[in-house]
Amino acid sequence: MSVPVVAAALTMPVVVMGALTLVWRPRAAACPPVTPQTMQELWNPSAIGSEFISAAAFLGTAGLVLAYGTDMLWLPVGAAAGHVLLQAFVTAPLRRSGAFTLAGFAGWRLGSQAVQRAVSVCVCVIGWFYLLPQLESAGIALRVLAGSPAWVGWAVVVLVALTIVLTGGIRRITVGGAFRCWLKLIVVAVPVVAVMAIWRLDGGADPARPELSHFGRETTVAIDLDVAVRVLTGTDIEIAGVLDGERHDGEHVVLRPGTHVLEEGAQLVLPAGAGVPHAAPLPARGGAGWTPFGRGGDHPLFTTYSVVLSVLLGTMGLPQVVGCFSAHACGRAARRTAAMVPALLGLFCVLPALYGALGRLYTPGLLMTGDGEAAILMLPHRVAPGPAGSFLTGLIAAAAFAAFASASCCAVVAVAGTVSHCALRGGAGSFRAGALIAVIVPLTLVAWIGPLGSAGLVTLACTVSACSLCPLLVLGVWWRRLTPVGAVAGLVVGCALAVVAALAHLLCGPQDGWPGALLAQPTIAIVPVTFTMMVLVSLLTPLRVPAGVDRVMARLHLPEELTTGRAR
């Protein structure tokens, strides 16, 4: 990659973050507390959408579309659908409770510190899993742009996040959530519009044609890591490096159908018309073979529905969303905000699909190396070599690293505040210790995880949320007989099962058969267990129903003009 790209990638994030710090004044609220209600209702959807339109989601979704097709847009579509459920079942009652956090709502609704502590643990776990895709994507981005080891990207994100959080800059950054949302959309949209214009001038090939599973022109592919690739048809290539344990020095070799191993440092020249070898974890399919259930594995239908359910229900329990709804003047305003968010996420659905489809035309070698998430970063420079491509790539890289840092800051603050309040004695010193704990746990895990991809890592955070906090919210809002004992039992069982499955999948890699499918995507199995545990234990402990539950339920469901005050 050229020097201007690397320089822009490393310097522009500092400029963007500094501009946000200077423009936005520090405020205490989690969302932009614009005084006029109408302006607030316009800002808050963008602030909430900014939590989902992260750089990890951009890179991960584009990589999924590149590898599996446009039917893999389950991440943004599931998040948008999750906001429909959030609007219908949770938004207005949660706003009427007056609670600013999920732990605060649980403690107020059930009158139990034990429930509040259990929710706090779930918040910490979700925050740790939410940090993983930010670190993973930063490592990929810096490796592609500058050739650095992945740990350099992890270190950059951790250091920037800790610096901002520990110096108090997070308040300035957090209130700029709405601004960051539109900044990311615009910065990512400009390069793809330019690439589409060049694509049309280049003849406008159809990305849906099966023949696009072949290289359209002579292409050189550099192998950065050891990789196994699958070949469907025999291909004559020129290779310098180690192939299947044998070193070659630029001679022509025929890749026969089957699986071949390429070692780090190998360089291949594939002629025009050659079939695209796919990295072993990816399905070797052409454009017409893209299917929503074509991701491989023994039970793809179960896996796909479990993924969709994970994102759908996990959206309802993400802790960073609650504070934004509490800033509204009434439940109706909160509902209107929840209704606007899916429209905003609809814009997000379009951009990764375009990058992934165009990536099949201009960067098919990414399917060979398994670096599908680098499509957004490599596409502009591949389409327009020279200063223009370098500028567009640097623009995307700057927005990506700024988004990595800001999203990481939100997760670090949530975890650090929870650890400081629940496990330590509180105060500035305990918050700093909590911030270190917040980054040490995911930083340790990210070094051991396999090639799951940032989109898959985002799903893990949604899985824990769907299996723990989502059932608590639904039952806490709509079922008066929920007891503290039942809530704690469900939270412990649901969170524990989700975390054990996630860690087993991350650390042990993919498994075969039903055990592998359940470990990879356990949401569809664990969510019913969590609901059942909460209901059964609550029915077995009817005397533990909190006193004044009728008053609490009336406050949750009656219009604001009939109730006053806020939760303590």
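This text walks through a predicted model of one protein chain, from the whole chain down to single residues.

The chain has 23 helices and seven strands. Of its 568 residues, 57% are buried. A residue is called buried when its relative accessible area is under 20%, exposed when that area is over 50%, and partly exposed in between. Among contacts between residues at least 6 apart in sequence, 81% join residues at least 24 apart.

Helix H23, which covers residues 549–557, shows how a helix can have two sides. Its buried residues are Val549, Val552, Met553, Arg555 and Leu556. Seen down the axis of H23, these buried residues fall within an arc of 160 degrees, so they line one face of the helix. What lies over the buried residues of H23? The cover includes helix H5 (91–97), helix H6 (102–110) and helix H19 (469–478).

Asp550 also takes part in a salt bridge, in which its side chain meets that of Arg480 at 2.9 Å, N to O. The count of salt bridges comes to one. Arg480 lies in the loop between H19 and helix H20 (484–508), while Asp550 is in helix H23, so the pair ties together parts that are 70 residues apart in sequence. The two partners can be compared with the cut-offs given above. Asp550 has a relative accessible area of 52% and is exposed. Arg480, at 38% relative accessibility, counts as partly exposed.

Another pair brings together separate stretches of the chain. Thr532 and Gly490 are 42 residues apart in sequence, but their C-alpha atoms are 7.9 Å apart in space. Thr532 belongs to helix H22, which runs over residues 523–540. With a relative accessible area of 41%, Thr532 is partly exposed.

His248 is found in strand E4, residues 246–255. Is His248 buried or exposed? Its relative accessible area is 8%, so His248 is buried, as the cut-off for that class is under 20%. Leaving aside residues up to four places away in sequence, His248 touches Ile239, Ala240, Gly241, Leu243 and Val253. The side chain of His248 also makes a polar contact of 2.9 Å with the side chain of Glu251.

Trp182, Ile186, Val190 and Leu347 make a nonpolar surface patch of about 370 Å². Which helix gives the most to the nonpolar patch? Helix H10, residues 177–201, does, with three residues. Trp182 lies in helix H10. This tryptophan, Trp182, has a relative accessible area of 38% and is partly exposed. A patch is made of residues with over 30% relative accessible area, so a partly exposed residue such as Trp182, at 38%, can belong to one.

Terms used: Residues are numbered from 1 along each chain as its sequence is written. This is a predicted model: local features need pLDDT of at least 70, side-chain atom pairs count only at pLDDT 80 or more; totals for chains, interfaces and linings use all residues. Side-chain values use heavy atoms; hydrogens and water are left out. Buried means under 20% relative accessible area, exposed over 50%, partly exposed in between (1.4 Å probe, protein chains only). Helices (H or I, at least four residues) and strands (E, at least two) are DSSP runs, numbered from the N terminus. The arc is that of the directions from the helix axis to the C-beta atoms. Contact means heavy atoms within 4.5 Å. A polar contact is a pair of N or O atoms within 3.5 Å; within protein, one must be able to donate a hydrogen and the other to accept it, and residues adjacent in sequence count only if both atoms are side-chain atoms. Patches are made of residues with over 30% relative accessible area and no salt bridge: like charges are joined within 9 Å, nonpolar side chains (Val, Leu, Ile, Met, Phe, Trp, Tyr) within 5 Å. Accessible areas come from the Shrake-Rupley method with a 1.4 Å probe; for residues, only the protein chains shown count as cover. A salt bridge is a side-chain nitrogen of Lys or Arg within 4 Å of a carboxyl oxygen of Asp or Glu.
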